[in-house]
Every structure is written in C-alpha cells, then in structure tokens.
Amino acid sequence: MNRRLLAGSIITLLGAALAVVPGGSSTVAAAAGEPYTLWYDEPAPDTNEGWESRSLPIGNGAMGATVFGGVAAERLQFNDKTLWTGGPGVPDYNFGNWDAPRPGALEAVRERIWKEGGIPAEDVLAALGLKSDTPRHRRFGAYQSFGDVRLSFPGLPERAADYRRELDVERGVAGVSFLAGDVRHTREYFASAPAGVVVARLATDRPGGVAFTARIAVPANRSATATASGGRVTVKGALSNNGMAYEAQLQVLHRGGTRTDNPDGTVTVSGADSAVLILGTGTDYADDYPSYRGRDPHARLTARVSAAAAQGHARLLAAHRADHRALFGRVALDLGGVMPARPTDDLLAAYGTGDPAADRALEQLFYQYGRYLLIASSRPGSLPANLQGVWNVLEAPPWQSDYHLNINLQMNYWPAEQTNLAELAEPLHTYVDRLREPGRVTAGQMYGADGWVAHHASNIFGQTGAWDHPAYFFPESGAWLAGQLYDHYRFTLDERFLKRTAYPIMKETARFWRDFLRTDPRDGSLVAVPSRSPELGPSTAGTAMSQQILWNLFTDLRDAATLLGDGKEARAAAAVLERLDPGLRVGRWGQLQEWKDDRDDPAETHRHVSHLFAVHPGRQVSPRTTPELAEAAKVSLNARTDVGTGWSKAWKINFWARLLDGDRAHKLLADQLRTSTLANLWDTHPPFQIDGNFGATSGMTEMLLQSHLGTIDLLPALPGTWRDGQVSGLRARGAHTLDLVWRSGRLSEVKVTPDERGTVRLRSDTFRDGARVVDGRGRPVSHRVNGDLLTFSAKAGERYRIT
Ligand code: FUC
C-alpha cells in the first residue's frame, strides 16, 4: 500500500477491504509492516489511568493533545504549555527566594561540614531552604490540563466492529476507524506546528453520515464561559490561583449537512459528509521576568484559528506533513526488526518472549517514538518539554509536571543533537538564558555570589530559589545545563550561537562558581560546599557529581574562550581547573566514589547514579581513556543494580553504552521496555514521566555512535541481537552527519558528511583490516589508518564513503 496516502484514505481503504472479510477480524493484517505506527484495537478508557497508559499523544511544541478514540463519545484532551498555576499572579510569589536575609546561614553550614565531614541534608534545608510552612505549591504552581474537546455522536454504539486507533509517528498523524452498521467512520488528528493548531477531521464513507455535538470542557472547579457563534466554540476564563487568563477556540467546519450554534456554547453538526475541527489555545503568559504576563490571548488566538480555518484541511495537512517529515525523516534506523500485525500493546506484552525480529521492530519504533515525542513537545518559540513533555491531564500532576533540573530536563534533550533534531533544543537554550535574570537575585541573596544560580526544580516563572524539600539543594543545575548549550555548539559548530547564546551563559555560570568554590583544607583543592549527590546521602564538600559538572563547565569555558580569542577568560578558567578537585576517586571496594570521603554503601541501589556523570553525559571517564576509572564505574553501576525508575534505566543504557558494553546496554533497554513502558509507549517512572523516552532514544544512539572523546566512535556498543542493521542521518560532534551499515555485527559501510572542512577521525575495530575512502564522485581519498583510527582531510559538504 502506498504509505504516502493520507491517513484517512488508508483507514478508509483498509476498512473497505476488511468490510468484506468474513468475520472481520480486528487484527488488521494489511497494516503489517508499518514500522512506525502505534495501533490498538480498542479506545483508551475515559479515565486518568486510561489517559496515562493508553491515550495517543500529538503536539506542536506549544500545544499537546491526546486521543482516546471513543466511538460514541470521543475525547481529545488538550494542553497549552503556558497554562500554569503559581508565579507572580500569586501575591506572595517570590521566585523561591527567602522572605528575609539569613546572615551567616551559609557560613554556618560550611563550618559544620568542614568539622563533621557530612551533615544531614535536612539541616541544610533548615538553614538555607524554604520554611516548610511556606505554601510552596500555591506559589510555585503546577502545569495544568487545559481541558477536553468532547464530541458526542448520536446513534453510534459504545463499541464498533473493525475498530482501530493509531498514531503514525512517521507522518505525525493519529487516527480512529471503525464500522457502525455498514458505515465506515474515520477520524484523523494532527497538531500542526506551522499553523499553531490541533486539527481533527471526521468522515464516513456514506454521504451525510457525520453527526455530532462538540463542546470544550475545562476542569470542574475552574470557572469559564463558553459561547458558540459562526461554528466557533470559545471557552475563556482565568485561573483562580494566579489570575492567568486562558482561552480555547474550536472552529467547526462541515461539508454538507447543517450546523447549529447552541446557546450552551456547543456546536451541533448533522447530516454532513465530513467535518473539520480546528483547536487553538492561548493564555496571557509571557516569558518576561518579573511579571511573566503579557496581553490577553483573544486577538492572537482568534487570528490564528481563523487563518487555519481559511487554509482548509488539505493545505493544513500538507503543510504539517512536510514540516514533520523535514524533522522526523532525517534519521532512519533499521535493526533488522520485522513488525508483526499485532496491536502495539500486544507487541509490548510479548516483548522478549521469543520473537527477536518483533522485539527489534518494537525497539525501532520506541527509538523513533522518542524522536517523535521531542518533535511534538519542543518547537522553537515554545517552552521546553517538561516532565510530561506537553501532555498532562491533571490539575495536580506528579512533581507539578515541572522542570526538574537535577537530571530530568537535561535528559529530555539528550537525543536532540545526536538524532539530528538540533533546532528543537532552542526552547531549552532560551529557558536557561531566561533563568539568569531571576537567578542573579538568588545567587546574591543565598550565597553572596556573582553570576546566577537555580536549584533542583523550576517552573515557567523564573523560580531559581530554594524549596522546602531536602532534594532542593542542587545549585549545580545551571552548570550542567550550560554544558548542554556548549554541546549544541560542538554538534553544529554554529559560532554565532556560541558567541551570542552559549558563551555568555557559560561565563556567567562560571562567575557564580568562582565565588561559591572553597579551598578544601584536606588537600588544598577547590570544592563545592555544601554539595550533595542528588537526592542521596549527606551534604558534604566536593561530592563527585558537583566536581565533575564543574570540571565540565570550566573545561568547556576554557575551550570556548580560546576559540573566541578571549584569552583572559581562558586563563581564568584554566586557573580554576588547575586547582579543581575533578571528582574522580576509586574507593575501598573498587567503586567510583560518590563522595570525596570513601563512604559509598555497596548495598545502595538509589535511582540516581550521579557519580557516573563523568561517564555520561560527561567525558572524564571512558574505557578508551581512563580504563581503571571505567572499571570502577562498572563496579559502582553493578552495585546499584539494573533496577530503577524509567528514567534511571534509560540513563543506565547510556552508561553501559559509554562503557562499551552493548549487551548490557541492550539488557537495560529490554528492562525498560518490559517494566517501565506503558501501552502507549510512554515511559513510566511510575507514573508517566517522559524523560525515560528521551533517555532511551539517546542511549540507543550512544550504542551506535559516540563522539564525546574527539573521535567519532562507530558502533561502539553494538549488542549481539542487533547483528545486521543500518542507521542514517545521525549527527556527531564536529558537525558531521553519518550513515552506518553493519553485517554480522561488523561495520561494513560508513558515509560521512562534514558541514565544515577539517580532519575526520573515525574509530572502528574494522579499520584494523584496512579501509577504502572515496568522495562523492567515487574518487579515492587519501587517508591514514592507525590501529582502529581512520583519519582523512575532508571538504565541507562532501559526502565520503568508507568501505
Ligand atoms: C527527580 C527524581 C525523581 C523524579 C523527579 C521528577 O527528583 O529523583 O525520581 O524523577 O525528579
């Protein structure tokens, strides 16, 4: 079947074919082999649990929606990333800063740590955190469900024959299809980034068969007004917590039949051949410190929905398809999977039970789903993907569905550069940039420091201060995030970005740390104090993760400053590096130490494996460069065991890939699929938390390609089960695009296209047997092979082939 047909047409054709199959099996055989479609033979239950594990997500970065697929009653739950409680609209919101100065508090904590070695995190909380009677949730706020588009279809049954609900991640289109009597109903959903709206199309194969009433429902305790006019439902109100104005508009267009605007703010269509629904949302949020408020959304929203309605369905879909393909289509992965004709929940349930080709098909789908989710939840101009991307059904979601900065937000963006979606990291860059202004106030108030700081979690209102929870103490978050900005430069070699965006942030982050670091009386090195390994153990001086993150920061800063000719900054960074404790020690049971004192407990299985930052995403420890430390990292990682939350397993895929153990990395991937993945393939902590999806896609990429050590390492951690395969379009640092082919576990062909002129350095064991390099026109290119390293000089934009 021609996969380029529109979803509706495919479903209609399938439906027509199935209609004549006796018995009408719900196993849609004709769909076998669609490798990038999640599909189910039933709707998602209309409950929070059904939402979490079975609804299918679409999104355009700013907006998200989830498809339930009910037959008689359809529910399209939707979100707008700016709809939050908390923030400046709450009278006593203060960005997490203290309500009054606490003279001497920091120094007292430091004194105790020097004396006692480590002190309870609760004591640091008592001294530097928010008082627990501060109503954190009211001030900090939480990401909100916006509401639901509810469609009721008179005369349709609860259950229908030949039911199929699907999400084609390659096309970025979701759909529902079923037979009611002898009428085939099809519904199609997509979220358009170019048009800024969510679009639904309802059709039947019988003229005049479309009849429904559409309404927008908002959470019960939220006051809102609903009106309908000209086929447009408008629902608006303001959140009681912070007064944030919100508005949703749903334009109903129909072909044939009649339409009625009802006085209760609903729209009814009867006897239509088809209908198109266009949903837009807006709030008066503005990413603008300190008020974070802008204009009422009405005018902008009206214009956006009207412009989309004027385009019509076919043009909206074509523009969306082109836009989605331009991102999604950059990477293709073939692990030798063969997708069976089974619903995705059955495929997942059967994973690991005896059909390796089906397992690999699920892995390929899971991989691309991670890329899909980033495309759907992080577009330039929107806020970054939060703990649930852009999808949330609750008013009090887990961890506020916020921005946790002690790994979760970082993990969301791990796949961006390597899987060729670099521009989708723009929301992260802007978010970090905008945290600086409030972060300067916090740095001054809490630490008397220059520069800026944020702690372990933030909202969309510049919360950079403390929390009322011992986990909060993580001033390293900014330094970690700054590293991701420099990495964007490393992947793209975009010097303008480096100069204008990354470098100023790196420099200002370093200013904070130059003030914060103290000389460790034990050995004269520079250490962070207080310093805590995220969410584990006491507060100490010079915890491994803090030191490793700072090693990265000052190394990156020195390199960037050198590159930009800023000698003064380069020298200052180098001077810090000379004295900085690098956070790398091997302890009494052979482990990589988590703390500067050898206090690691071999029985500890905590989900955060923070002291292995140096392995991933850091670069201080690798079997290639520091074999003893890499062995110690393995000892630590084995002690932690393979259990963990979804994101923790995902991180461990990355660790084992960086430790060059493909089978173990694959085992963690398998564990994640078996025990931390929901029927809709969302990662579960539990509950649903999207970082594990992104972390797994990153980990799978790290198994195939690594570039953090200055060479491009090809198939560094290929597991036995991925014997034959190919991948195209991956990105490596140094602005290279790569295609790889392997057979019987050995690299057989590489194509590399550098964006810029320079030396290409490729690493693979197969090069030991020799290699042939040709340019785009098949002409031999002179190269050198030294052990497993192949190098040659390349021209910008030329596509080289190595066999
Ligand atoms: C970190 C983790 C938790 C959870 C939360 C959102 O604090 O330790 O497991 O993922 O973020």
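Student: Where is the place of D597?
Tutor: D597 is in the loop between α16 (567-579) and α17 (627-640). Helices here are DSSP runs of H or I with at least four residues, strands are runs of E with at least two, and both are numbered from the N terminus. Bear in mind that this is a predicted model: local features need pLDDT of at least 70, side-chain atom pairs count only at pLDDT 80 or more, and totals for chains, interfaces and linings use all residues. Residues are numbered from 1 along each chain as its sequence is written, and side-chain values use heavy atoms, with hydrogens and water left out.

Student: Thanks! What is the relative accessible area of D597?
Tutor: D597 has 28%, so it is partly exposed. Buried means under 20%, exposed over 50%, and partly exposed lies in between, with a 1.4 Å probe and protein chains only.

Student: And what separation do the C-alpha atoms of D597 and G542 have?
Tutor: Those C-alpha atoms are 9.1 Å apart, while D597 and G542 are 55 residues apart along the chain.

Student: Switching to the sheet, how many strands form it?
Tutor: Nine, in an open sheet with the order β1-β6-β7-β8-β9-β16-β13-β12-β11, and the pairing is antiparallel. Two strands pair if DSSP finds at least two bridges between them. The edge strands, β1 (37-40) and β11 (224-229), each pair on one side only.

Student: How many bridges join β11 to β12?
Tutor: Six bridges link β11 with β12 (residues 232-238), and the two run antiparallel.

Student: OK, helix pairs now. At what angle do α3 and α4 cross?
Tutor: Helix α3 (residues 105-116) and helix α4 (residues 121-128) cross at roughly 160 degrees, with axes that come within 9 Å. They are therefore roughly antiparallel to each other. Angles under 35 degrees count as roughly parallel, over 145 as roughly antiparallel, 65 to 115 as roughly perpendicular and the rest as oblique.

Student: Which residues meet there?
Tutor: A105, L106, V109 and R112 in α3 meet D123, V124, A127 and L128 in α4.

Student: What about α9 and α20, at what angle do they cross?
Tutor: Roughly 125 degrees, for α9 (residues 356-377) and α20 (residues 691-704), whose axes come within 9 Å. That pair is therefore oblique.

Key
Axes fitted to C-alpha atoms, helices over the stretch in contact; angles between N-to-C directions. Contact = heavy atoms within 4.5 Å.
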